[in-house]
Amino acid sequence: MTPIFANLQAVKARIDAAARTAGRAPAAVALLAVSKTWPAGCVAEAAAAGQRAFGENYVQEGCDKVDALAAQGLADLEWHFIGPLQSNKTRPVAERFHWVHSVDRLKIAQRLSEQRPAELPPLQVCVQVNISGEDSKSGCAPAEVAELCRAVAALPRLTLRGLMAIPAPAEDVTAQREPFRQLRQLLEQLQAAGLALDTLSMGMSHDIEAAVAEGATIVRVGTAIFGARDYAKEPA
Ligand SMILES: *Cc1c(COP(=O)(O)O)cnc(C)c1O
């Protein structure tokens, strides 16, 4: 067994155990394999182990990888853009990706909607929330989420699916659960206000259990599948 194959099995076992502990169906939690900084060959290896959904953070690197895997005949993968997005770089993302988790302002959403090719299904999007209130982190302020979600949901070529967050690191599971609970409560408020949303994108390698306990429907896992990233080798 290659490490990627074994790591995928171990991550799925963590998700299953956390779901069962929470009284949730393991199938209700989707695994997004975050392949940023890893070459196309690692994605192909994970795909051979049955993984279909991959997350990328950087526009150039992500688009190159989508194209490289399609050229290798792996055209049925599902690509999620999860990194900060500048408004002058939305087009290649709108043309290639199935999901964008990191919509944090209306201008980005408008451009993605305008640039989504007519022959493709609507782009699936999440609004990213700055749940820990850190100045440096991207994401919409919690108080502005409802207004942004209403505007995004009205755009013709996007389907708003839910919320995403990257909380500040916390030591123990109890502390990790707090921001995830806040994100879930925000989603519940939006659902109560009439928005048809079904997605909570939350949880990474170090806090999968806390996120699943609070209702994550997509966990975004890189390190626990592919190993520690070497940012020195990261493409510009
Ligand atoms: C890198 C990244 C991840 C994966 O983080 P790991 O700790 O490697 O699992 C998840 N979500 C986002 C937005 C990321 O940038």
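Me: Which residues does Ser113 touch, apart from its close neighbours in sequence?
Reply: Leaving aside neighbours within four places in sequence, Ser113 is in contact with Leu155, Pro156, Arg157 and Leu158. Keep in mind that this is a predicted model.

Me: OK, and where does Ser113 lie?
Reply: Ser113 is part of helix 5, which covers residues 106–115.

Me: Is Ser113 buried or exposed?
Reply: Buried: the relative accessible area of Ser113 is 5%, and the cut-off for buried is under 20%.

Me: Let's zoom out. How many helices and strands are there in the protein?
Reply: The protein has nine helices and eight strands. Its radius of gyration is 17 Å, close to the 18 Å that the globule rule gives for 236 residues, so the protein is as compact as a globular protein of that length.

Me: What does the C-alpha trace span along its principal axes?
Reply: About 50 × 45 × 35 Å.

Me: And how much of the protein is buried?
Reply: Of the 236 residues, 49% are buried.

Me: Now the strands. Why is strand 5 described as largely enclosed?
Reply: Strand 5 runs over residues 123–128, and six of its six residues are buried, so the rest of the structure largely encloses it.

Me: Which way do the residues of strand 5 point?
Reply: Leu123, Val125 and Val127 point one way, while Gln124, Cys126 and Gln128 point the other way, and all are buried.

Me: How does strand 4 run relative to strand 5, parallel or antiparallel?
Reply: Parallel. Strand 4 (residues 99–103) is joined to strand 5 by three bridges. Across that pairing, Trp99 stands opposite Gln124 in strand 5.

Me: Switching to helix 2. Which of its residues are buried?
Reply: Helix 2 covers residues 40–48, and its buried residues are Ala40, Cys42, Val43, Ala44, Ala46 and Ala47.

Me: What do those pack against?
Reply: The buried residues of helix 2 pack against helix 1 (3–21), strand 2 (53–56), helix 3, strand 3 and helix 9 (223–226).

Me: What follows helix 2?
Reply: Gly50 does, and its phi is positive, near 105°.

Me: Which residue other than glycine has a positive phi near 70°?
Reply: Thr37, with phi near 70°. For context, most residues other than glycine have a negative phi. Thr37 sits in the loop between strand 1 (30–34) and helix 2, and with 18% relative accessibility Thr37 counts as buried.

Me: Last topic, Leu77. Where is it found?
Reply: Leu77 is in the loop between helix 3 (59–71) and strand 3 (78–81).

Me: What is Leu77 in contact with, leaving aside neighbours within four places in sequence?
Reply: Leu77 is in contact with Val43, Ala47, Gln51, Arg52, Phe54, Leu69 and His98. Val43 and Ala47 are also among the buried residues of helix 2.

Me: And how far is Leu77 from Ser205?
Reply: Their C-alpha atoms are separated by 21 Å, and the two residues are 128 residues apart along the chain.

Technical notes:
Residues are numbered from 1 along each chain as its sequence is written. This is a predicted model: local features need pLDDT of at least 70, side-chain atom pairs count only at pLDDT 80 or more; totals for chains, interfaces and linings use all residues. Side-chain values use heavy atoms; hydrogens and water are left out. Helices (H or I, at least four residues) and strands (E, at least two) are DSSP runs, numbered from the N terminus. The radius of gyration is taken over C-alpha atoms; the globule rule is 2.2 Å times the number of residues to the power 0.38. Buried means under 20% relative accessible area, exposed over 50%, partly exposed in between (1.4 Å probe, protein chains only). Two strands pair if DSSP finds at least two bridges between them. Contact means heavy atoms within 4.5 Å.
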